[in-house]
Amino acid sequence: METNMDVMNTGFVLVILYLGCFLSSDGEVVNMKIVEEPSNYGFNNYNVGVNNDEQKLKMRVKPSNFSGPPHLRNFEHKCFEKLIIGYKYEFCPFSNVTQHEQSYRWNPFHGVLGVWQEWEIKDNKFVAMVMREGERCGDISRTTKVVFECAESNEIINVTEYSKCNYKLVFSTPLVCAEHSMLVYPHLSPQLRLGWDLLQGQYQREEITQKGYDKHLKKIFIKAGYCMSENVQQVIAKTAAEQEKRQEKEEKGDFDTLYQCKEEYQKLKKEVDGLRALLALKNDEVPVPHPVEAHGNGTNV
């Protein structure tokens, strides 16, 4: 039976362990990670013993808003999975692509291969979904291009790494089987279609070069929300890198401002108060033992 002292000892150990996660031997404040035993909106569970790791995956940047052929909106908030040679891939259109190594080794890879950014457009067609700003890979971040093929079912066909940390995911779907389903021009607003018509006329009359034509056409796609300007891409990448640096500092116990330090202190205080409340509740539940009277010769022992 658990005694009052057992509960107090348990609580004492919990508090010591808790504080040990934040204090080094010389008293410096640190932030330690808890490594859990290996045991998956784009990160669903799978039964290979690594569920917790997959659930903790975070995107470095926020996905772009929906854009492109309206009929592809059917894919919003949906995810598709496939196991390919020891890796499980999960594709969530207009959100992200993730990879989960199916291994019982100590440190299997679980990461984001890219976050939805923009369309790649060629010859008046939506050619590929471009997913950037995935997990860091040395000095770059992982990027995935998703290309579509006509088929009777929605399915990941294959994933390849065509260069270091750059991936190509082939996805089949009946939604791209119609002849004009992936054309760009029909989905533009009347104003942008007019702008493209005028640009096409200038090019045919040789009033602008191919380079000038491509440059102005890209601006039309940016206005339509199908593509990003280089400046926007740079801002997104820079913001993600700065956020990661801040997180690394916090993990090391370094803070840029007094406010950040106070904020972390309040979090710690809240958790300690919770532990104290739990210990107090436990103490109230444990009955206090009473002395036992022994009757033999008429005297109390």
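"Buried" here means under 20% relative accessible area, "exposed" means over 50%, and "partly exposed" is anything in between, using a 1.4 Å probe and protein chains only. Cys227 gives a quick example: its relative accessible area is 9%, so Cys227 is buried.

A word on the model: it is predicted, so local features need pLDDT of at least 70, side-chain atom pairs count only at pLDDT 80 or more, and totals for chains, interfaces and linings use all residues. Residues are numbered from 1 along each chain as its sequence is written, and side-chain values use heavy atoms, with hydrogens and water left out.

**View 1. Cys79 and Cys92 are joined by a disulfide.**
A disulfide is called when two cysteine sulfur atoms lie within 2.5 Å, and the structure has three of them. In this one, the sulfurs of Cys79 and Cys92 sit 2.0 Å apart. The torsion about their S-S bond is about 110 degrees, so this disulfide is right-handed. The bond links distant parts of the chain, 13 residues apart: Cys79 comes from the loop between α2 (51–55) and β1 (80–84), while Cys92 belongs to strand β2 (residues 87–92).

**View 2. Cys137 pairs up with Cys165.**
Here the S to S distance is 1.7 Å. With a torsion of about 45 degrees about the S-S bond, the Cys137 and Cys165 disulfide is right-handed. Look for Cys137 in strand β6 (residues 136–137) and for Cys165 in the loop between β9 (155–163) and β10 (166–173); the two are 28 residues apart. Both cysteines, Cys137 and Cys165, are buried.

**View 3. Cys150 is bonded to Cys177.**
The sulfurs of Cys150 and Cys177 are 2.0 Å apart, and the torsion about their S-S bond is about 100 degrees, which makes the disulfide right-handed. Cys150 lies in strand β8 (residues 143–150) and Cys177 in the loop between β10 and α3, so the bond ties together parts that are 27 residues apart in sequence. Cys177 is partly exposed, with 36% relative accessible area. If you count the bonded cysteines along the chain, the disulfides follow the pattern 1-2, 3-5, 4-6.

**View 4. Trp116 and Trp119 belong to an aromatic cluster.**
Rings of Phe, Tyr and Trp (its six-membered ring) pair up if their centres lie within 6.5 Å; planes under 30 degrees apart count as stacked, over 60 as edge-to-face and the rest as tilted. That rule gives 16 aromatic pairs. One of them is Trp116 with Trp119, an edge-to-face pair at 5.8 Å centre to centre, with 75 degrees between the planes. Trp116 and Trp119 are both buried. Their cluster also takes in Phe66, Phe75, Phe80, Phe91, Phe94, Phe126, Phe148, Phe171 and Tyr226.

Trp196 is buried, with a relative accessible area of 8%. Phe221, at 6% relative accessibility, counts as buried too.

Methods:
Helices (H or I, at least four residues) and strands (E, at least two) are DSSP runs, numbered from the N terminus.
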